[in-house]
Amino acid sequence: TTCVTRPLQTQKDMSESIAAKALGFAGLQALAAVAVTFLLVGKRHKLSVVDKLVVLWLVYVAIVHLTLEAMFVYLSLTGTVNASSGLFAEIWQEYARADFRWGVSDSTIVTMEMWTVLFNGPMCAVVIYAIVTDKPYRHFAQIVLNVCEVYGGWITFGPEWITGSKNLDTSSPLYTWVYLFFFNFIWVIFPALLLLQSFLATAVPRTKKHKN
């Protein structure tokens, strides 16, 4: 019993240590997003509170896409996450406990993440610039970006659900509700809210114009 318990305990301790590192890194990303957002919109009194919060979210999204996810793409194209070492590898290895595909350079996941890094990341900057400078194309760019974000969520889990979720491990509440649900849900609900914002901003004025 002792021989079995010790490896399991060691694995649990390692998992908790990596999870703590991941939370610490996420905290640094959040602090960086707050600092950058303050520099961008802190003194722009014409921006509404909602738009300032949108900028904050988009700055955070850009940081995540261009750091954490960019490193995933790099590790996956130069080998696999599971065969790599370092902080980013450990973070993704921990997530791969919940979704096995992220550890083995699954072609669908890597392709989707490449688009996320190469298009969505820079597109965040475009939308942020459009908001801060009040450009007329702001909502067009915002719609394009967030359709990509929502579609990315579908591409991540749609094929897996259709094939019976054989690569997902839902045996642990941590894996199910934190890794698989929470960390992916926020990338659907916030983009959906931004799509609604853009719809209201573009459709309502048009409706009023027709009524007049």
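Me: Buried means under 20% relative accessible area, exposed over 50%, partly exposed in between (1.4 Å probe, protein chains only). Why does Trp 57 count as buried?

Reply: Its relative accessibility is 14%, so Trp 57 counts as buried. Bear in mind that this is a predicted model: local features need pLDDT of at least 70, side-chain atom pairs count only at pLDDT 80 or more, and totals for chains, interfaces and linings use all residues. Residues are numbered from 1 along each chain as its sequence is written, and side-chain values use heavy atoms, leaving out hydrogens and water.

Me: How much of the chain is buried?

Reply: Buried residues account for 37% of the 212 residues.

Me: And how many helices and strands are there?

Reply: Six helices and zero strands. Helices (H or I, at least four residues) and strands (E, at least two) are DSSP runs, numbered from the N terminus. Along the sequence the pattern reads α-α-α-α-α-α.

Me: Back to Trp 57. Which residue does Trp 57 form an aromatic pair with?

Reply: The structure holds 18 aromatic pairs (ring centres of Phe, Tyr and Trp, its six-membered ring, within 6.5 Å; planes under 30 degrees apart are stacked, over 60 edge-to-face, the rest tilted). Trp 57 and Phe 190 form a tilted one, 4.6 Å centre to centre with 45° between the planes. That pair links distant parts of the chain: Trp 57 sits in helix H2 and Phe 190 in helix H6 (residues 173–211), 133 residues apart.

Me: What about the accessible area of Phe 190?

Reply: Phe 190 is partly exposed, at 36%.

Me: Which residues form the aromatic cluster?

Reply: Phe 72, Trp 92, Tyr 95, Trp 102, Tyr 175, Tyr 179, Phe 182 and Phe 183 form one cluster.

Me: Now H2. Where does H2 bend?

Reply: At Glu 69, by about 35°. The bend is the angle between axes fitted to the seven residues ending there and the seven starting there.

Me: What span should H2 have?

Reply: H2 (residues 49–77) has 29 residues, so at 1.5 Å a residue the helix should span 42 Å. The end C-alpha atoms are 40 Å apart, which agrees. The expected span is 1.5 Å times one less than the number of residues.

Me: New topic. Is Arg 138 buried or exposed?

Reply: Buried, because its relative accessibility is 9%. Arg 138 is found in helix H5 (residues 138–162).

Me: What does Arg 138 touch?

Reply: Leaving aside residues up to four places away in sequence, Arg 138 touches Asp 51, Val 54, Ala 130, Ile 131 and Gln 197. Touching, or contact, means heavy atoms within 4.5 Å.
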